[in-house]
Amino acid sequence: MRQIAALLILLFNHGYAQEVDLVRLGYDEDRLQSEQLDISVSSDGKLIAILFKDRSLKIFDVLANKFIKTLQVPTEKMVERGMHNFKMDLRITNDEKVVIINDDEMIILNWKSGALLKKITIENSCASSSLATSYIAQQNILAVNSICGVTTLWDLNTLSPIRKFENKRRRGGIAAVALSPDGKYVVVNAERLKLYEVPTGKLIKEYDMSSPLMLFYDEKGENIYAGGMVQAGVVSNSKCFINVFDGKYLNLNIQDFTVNKYSEGGPMAGVRYKDRMLITLHTRTFQVYDANSRSVIYTTKNDRGYLNRNFFGSRQIYPLGGGKFLLNCSGNNINQIYDANVNAITGYFYADSNDDWAMVSRDGRVDGPLSVLSKVYWTSRKSTSRTALESRYESGFTPKLLSLLVTDKSTNLLAEFDSENAISTLPVLKLKSVNKLDASSRRLESVQKTVSVEVTILQNGSQVSEVRLIQNGKIVKVKKNNGLSEYAFDAQLSTAFGEENYFAVSALSKTGIESQKIKFAVAYKGSSNEKPKLYLLTIGINQYRNPKYNLNYAQADADSTSNRLNDRTGGLFQEIIVTSIRNEEATKTRIAAALTDIQGKALEQDVLLVYYAGHGVMSSATDEQRDFYIVPYDVIQLYGRDEILKEKAISATELKEFAQQINAQKQVFILDACQSAGALDAVASRGAAEEKAIAQLARSTGTFWITSTGTEQFASEFDKLGHGLFTYALLEGLTGKADGNGDHKLTVRELSNYIENKVPELSEQLKGSPQFPSAYSFGNDFPIMLYK
């Protein structure tokens with residue numbers, strides 16, 4: 001398996017560059033859909049555009065924490081940016097446009113509608129190997145500079161050129177251009193540096209500067225920063241420097257601000273932020289300078305000899321707001337977030353063209369779909385060992401992590417996750433036997449329904465917290481550390497997902513990190529002719545003992561969901577066992593009794609579907625003790641009285657125990673759990689915590705969870721719909737609209753995808769802003785309805 005590793009070396013600002021080599025990230029290249037070519041960020045920092053080699057253009061919404069649009073760029077082939085090829089650039093505007101510079105063409109799309117607005121052949125490109133752009137959002141002006149000598153300014157409002165500057169063709173080097181923040185001036189690399197006044201086209205001044213490589217203005221437009229190179233015989237010994245000019249007159253203010261040798265990196269792109277100067281180098285290195293002392297205070301320190309990269313890295317450094325910046329200095333599908341407030345790269349954002357994405361912070365928090373977190377990993381400098389981001393899900397999963405890093409105003413430097421120590425202390429497992437037979441083949445057969453599994457801990461047994469047996473994606477057995485090196489399990493085979501039963505065994509360490517899974521399969525050859533049964537439990541609470549928590553449509557939501565599922569599941573199941581709990585009946589005792597009854601009856605091949613409409617809340621305890629609760633009828637206070645929640649509400653921990661103890665391997669929990677209208681101040685801080693609790697609950701049980709957790713009452717219930725917003729989308733999906741592939745069979749994942757896309761659309765129509773539900777599916781997909 002080929003692997004890409006991105007070495008990220010972090011430094012502290014102590015007046016000198018202090019290198020810290022702890023965080024190393026990589027991903028499995030053979031699981032990659034497409035290599036990333038470029039990135040861009042809207043000027044408000046809310047949208048990230050990512051361009052891929054397979055011509056996919058994807059838009060990621062930072063606040064929504066998801067890809068919201070995918071386009072195919074209308075071109076024959078995407079140019080790959082390389083050491084001597086700079087004919088690729090990407091820009092996203094605030095008026096729903098994206099501009100792609102690709103070889104000798106400029107393509108302008110409306111990303112929201114997907115419409116091609118304009119496709120332009122770049123004039124006089126003369127087979128150039130270098131093009132550059134500069135964009136000013138306030139005026140919506142884009143400057144395109146070719147090394148051939150032509151610089152064109154485009155008004156992206158009218159999609160027409162507003163000014164053209166023609167100069168002699170450059171002899172070598174690369175293109176460079178910079179617009180002033182007010183759009184009144186443009187400086188270009190045209191054999192010499194030339195400063196023009198945009199409204200009149202007047203040449204203000206020119207300056208003879210050796211081999212300009214980079215141009216940018218500071219935030220106020222007072223200074224121009226020009227990076228260049230002075231050749232000294234052998235190119236690798238040439239000196240790279242930065243000159244600083246007056247922004248309106250091109251008068252030289254600072255000359256020969258030395259960067260380093262060309263072999264260590266020539267300046268390619270830069271940003272001035274307060275007393276910092278952020279620079280990317282052609283060696284795929286990122287450096288930060290103190291603008292006053294001119295000393296390097298932070299660097300990723302290039303390691304080109306070790307790393308396998310896809311492309312040259314981005315030529316731009318994009319502000320995300322609040323001193324945060326997005327860049328790519330790794331030259332692959334892992335992008336970096338630099339925080340000037342703490343002078344460190346604090347986050348790493350992985351993206352792929354198939355909607356895969358993952359986020360990891362400097363301190364080891366992770367976010368993203370579990371399938372993606374399994375292919376992005378920390379690597380070790382001392383060995384070939386690695387651990388996937390998935391291993392931190394139990395202790396480090398943090399919903400909306402990218403948004404949190406971007407909006408965080410803290411100036412405290414995050415403690416760095418010590419991946420070396422984490423990898424070296426992880427338990428290492430070996431599958432000893434299945435049914436007392438050698439399991440080296442990893443595929444076995446059995447006519448017996450019961451299968452026995454034996455596992456040996458080879459390394460770091462003292463670090464084991466618990467060992468887990470997973471069957472068809474569902475955790476079926478958990479054993480705590482027994483102080484020994486061997487663990488034994490029994491499991492029941494079934495044909496719930498076909499003849500093959502897919503197993504995995506893993507160990508959770510005492511630090512909350514999961515070991516690498518040992519996977520194997522057992523084919524069940526015994527008889528199993530019975531159709532599965534569907535156990536359908538619906539709970540809806542309109543009327544609470546405390547009337548201020550009353551809801552309008554929870555009972556109607558539960559009734560409609562029960563009826564819709566009961567009407568459309570015929571043919572799939574031998575029997576549908578329906579349990580309905582409403583209003584004052586919905587106490588903890590009654591709900592627990594219903595789940596216990598199902599636990600005593602359900603077999604492995606059966607299906608459990610639980611629907612809940614009512615309040616959901618996080619406890620107010622410390623982080624270690626906080627838990628998510630669904631709120632039965634007789635809970636009289638939602639916030640500030642954790643003892644009431646523990647006594648009368650049902651926690652995520654208790655739901656986890658029920659899910660693990662119920663034999664049915666196909667389980668889906670649908671929660672339309674809203675906040676009370678009187679607790680809106682608490683919603684923002686608790687929404688992410690609730691989402692985290694649900695996500696970890698889903699993973700720890702290997703079941704499907706679809707939830708509206710974190711939304712407030714008045715954002716989710718509408719008289720016009722007669723239902724809560726979330727359940728309205730659910731019911732619409734159950735009519736067959738969620739059957740994405742048209743095979744007249746609705747699966748849980750199809751339903752989940754439909755709800756995730758429909759709820760934001762409906763909420764934007766009805767209340768002016770999108771509301772995003774959460775869906776976590778860690779079990780295998782399965783059908784729940786049939787359509788004629």
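Predicted model: local features only at pLDDT ≥ 70, side-chain atom pairs only at ≥ 80, totals over all residues.
User: How are two packed helices described?

Analyst: Two packed helices are described by the angle between their axes and by the distance between those axes. Take helix H5, residues 554-568, and helix H11, residues 725-737: they pack at an angle of about 15 degrees, and their axes are 10 Å apart. Angles under 35 degrees count as roughly parallel, so H5 is roughly parallel to H11.

User: What is the handedness of the crossing of H5 and H11?

Analyst: H5 and H11 cross in a left-handed sense.

User: Which residues in H5 and H11 meet?

Analyst: On the H5 side they are Asp557, Ser560, Thr561, Arg564, Leu565 and Arg568, and on the H11 side Thr727, Leu730, Leu731, Leu734 and Thr735. By class, the residues of this contact divide into 4 nonpolar, 4 polar and 3 charged.

User: Which residues of H5 are buried?

Analyst: Buried stands for a relative accessible area under 20%. In H5 the buried residues are Ala554, Asp557, Ala558, Ser560, Thr561, Ser562 and Leu565.

User: How many residues does H5 have, and what is its reach from first C-alpha to last?

Analyst: H5 has 15 residues and reaches 21 Å between its first and last C-alpha, which is close to the 21 Å expected at 1.5 Å a residue.

User: Now the other pair. At what angle do H6 and H8 pack?

Analyst: Helix H6 (residues 588-601) packs with helix H8 (residues 652-661) at about 20 degrees, and the two axes lie 9 Å apart. That angle makes H6 roughly parallel to H8. The crossing of H6 and H8 is left-handed.

User: What residues form the contact of H6 with H8?

Analyst: Lys588, Ala592, Leu595, Thr596 and Gln599 in H6 meet Glu654, Phe658 and Gln661 in H8. The contact of H6 with H8 has 3 nonpolar, 3 polar and 2 charged residues.

User: Why is Ile162 classed as partly exposed?

Analyst: The class comes from the relative accessible area, with partly exposed lying between the 20% limit for buried and the 50% limit for exposed. Ile162 has a value of 37%, so it is partly exposed.

User: Which residues is Ile162 in contact with, leaving aside neighbours within four places in sequence?

Analyst: With those neighbours within four places set aside, Ile162 contacts Ile141, Leu153, Trp154 and Asp155. As for distance along the chain and in space, Ile162 and Pro199 are 37 residues apart in sequence, and their C-alpha atoms are 9.0 Å apart.

Note on methods: Residues numbered from 1 in each chain as written. Heavy atoms only, no water. Axes fitted to C-alpha atoms, helices over the stretch in contact; angles between N-to-C directions. Helix = DSSP H or I, 4+ residues; strand = E, 2+ residues; numbered from the N terminus. Parallel < 35°, antiparallel > 145°, perpendicular 65-115°, else oblique. Left-handed = near helix turned anticlockwise from the far one by under 90°. Contact = heavy atoms within 4.5 Å. Nonpolar A, V, L, I, M, F, W, Y, C, P; charged D, E, K, R; others polar. Buried < 20%, exposed > 50% of the residue type's maximum accessible area, 1.4 Å probe, protein only. Expected span 1.5 Å × (residues − 1).
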